[in-house]
Amino acid sequence: MKWVISILVAAVSINVAAQVVQNREPEQASVPEQASLQETMSWMASFSASHGYLLGGKETIRLNFLSGPKGCAVSFETRYPTVTKGFQIKHAIAKIHLGDFAPNSVREETDKEGDHRIVFERSDGSAKTEEITEMADGTKLKTYPPQLFFSFDSEESAKRFSRALAHAITLCGGRPSAF
């Protein structure tokens with residue numbers, strides 16, 4: 001009798017555990033597609049503030065963060081806190097509309113030094129994105145890069161941010177690039 005009860009308890013436990021796993025997996029997989037633009041932008045701003053940096057040894061050499069989200073208009077900012085001399089980049093800011101970018105262009109890259117970043121480009125491939133760069137000596141330059149990149153503290157952080165960025169670009173009407 002104890003043996004039968006033990007088998008029934010085990011069977012019920014396995015069935016309940018299987019149902020919990022079955023119920024969780026679809027929910028977790030569908031969360032990114034269900035997130036609103038506001039939720040996505042808020043997450044991206046917070047996440048980039050915590051994970052958008054590049055270390056050189058023990059020193060932070062590059063800080064990246066998303067700022068000022070107002071709908072689909074955002075700023076991607078980069079700061080180099082250790083730069084103090086001459087014609088080195090101290091701060092750069094690109095003000096963009098996410099709908100101008102291609103969701104299929106968002107990708108993660110790891111360079112030969114092991115630095116993790118995401119790269120994304122405009123859907124039309126043109127160099128229309130204005131980026132203002134301030135040098136250490138105070139000189140300001142205006143450039144128009146066809147793509148932007150953003151450094152992160154780990155490969156996992158880059159992957160998570162790239163998924164959120166592609167989702168935000170899609171919500172803002174970004175079209176895939178033709179090639």
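**View 1. The three-stranded open sheet of the predicted model****.** In this predicted model, three strands are arranged in the order β5-β6-β9 to give an open sheet whose pairing is antiparallel. The edges are formed by β5 (107-110) and β9 (147-152), each of which pairs on one side only. From one strand to the next, the twist averages 30°.

**View 2. The pairing of β5 with β6 and the helix that packs on this sheet****.** Strand β5 and strand β6 (residues 116-121) run antiparallel and are joined by four bridges. Within this pair, glutamate 109 stands opposite arginine 117, the latter belonging to β6. Helix α3 (residues 155-171) packs on the sheet and touches β5, β6 and β9, with a direction that makes about 20° with that of β6.

**View 3. The six-stranded open sheet****.** Six strands, in the order β1-β2-β3-β4-β7-β8, form an open sheet, again with antiparallel pairing. Here the edge strands are β1 (53-56) and β8 (140-143), and each of them pairs on one side only. The twist in this sheet averages 15° from one strand to the next.

**View 4. The pairing of β1 with β2 and the packing of helix α2****.** Four bridges connect β1 with strand β2 (residues 59-70), the two strands running antiparallel. Leucine 54 stands opposite arginine 62, which lies in β2. Helix α2 (residues 37-51) packs on the six-stranded sheet, where the helix touches β1, β2 and β3 (73-79), and the direction of α2 makes about 165° with that of β2.

Note on methods
Residues numbered from 1 in each chain as written. Predicted model: local features only at pLDDT ≥ 70, side-chain atom pairs only at ≥ 80, totals over all residues. Heavy atoms only, no water. Pairing = 2+ DSSP bridges. Axes fitted to C-alpha atoms, helices over the stretch in contact; angles between N-to-C directions. Contact = heavy atoms within 4.5 Å.
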